[in-house]
Amino acid sequence: MSEQAMPVEKVRAMLTENLERVRKASDEYFQMLEKGLSSSQLPIGGQAKQFTELMQRNVTATFELCDKLIKANDAQDAMRIQAEFFQSQMRAMTDQARSLGESAMKAMTGAFTPKS
């Protein structure tokens with residue numbers, strides 16, 4: 001019985017190619033979303049744009065994680081990469097929550113400030 005295992009480099013090349021396709025589709029999605037938000041008449045347009053930018057940063061970080069995992073040498077290397085990603089995403093989530101909270105407070109303060 002012959003085993004038909006793909007060489008590691010071939011698998012990595014296929015993964016990289018597919019990741020680039022997904023990355024391109026993601027970029028197109030965010031461009032379309034940005035156009036929609038910029039033409040929106042909703043009063044929350046600024047907050048929606050900020051949220052979209054944060055979401056795009058998170059997606060970019062995930063693509064960077066995938067790039068690193070594709071290049072991992074072994075399971076231990078992959079686990080280290082994953083742990084570093086988790087830690088950085090937890091810090092990013094904390095910063096993003098703070099930023100969105102501050103933005104929401106400013107918006108609420110502005111909504112209840114009497115107009116002269």
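**Figure 1. M6 in the segment before α1.** M6 is found in the segment that precedes helix α1. In this predicted model, M6 has a relative accessible area of 44% and is therefore partly exposed, since residues between the 20% and 50% limits are classed in this way.

**Figure 2. S26 within helix α1.** Helix α1 spans residues 8-38, and S26 lies in it. The relative accessibility of S26 is 13%, so this residue counts as buried; the cut-off for that class is under 20%. When residues up to four places away in sequence are not counted, S26 touches V59 and F63.

**Figure 3. The protein chain as context for the close-up views.** Three helices and zero strands are present in the protein chain, and their order along the sequence is α-α-α. Of the 116 residues in the chain, 16% are buried; S26 is one of the residues that count as buried. The chain exposes about 9300 Å², and carbon and sulfur atoms supply 61% of that area. Among contacts between residues at least 6 apart in sequence, 63% join residues that are at least 24 apart.

Methods
Residues are numbered from 1 along each chain as its sequence is written. This is a predicted model: local features need pLDDT of at least 70, side-chain atom pairs count only at pLDDT 80 or more; totals for chains, interfaces and linings use all residues. Side-chain values use heavy atoms; hydrogens and water are left out. Helices (H or I, at least four residues) and strands (E, at least two) are DSSP runs, numbered from the N terminus. Buried means under 20% relative accessible area, exposed over 50%, partly exposed in between (1.4 Å probe, protein chains only). Contact means heavy atoms within 4.5 Å. Accessible areas come from the Shrake-Rupley method with a 1.4 Å probe; for residues, only the protein chains shown count as cover.
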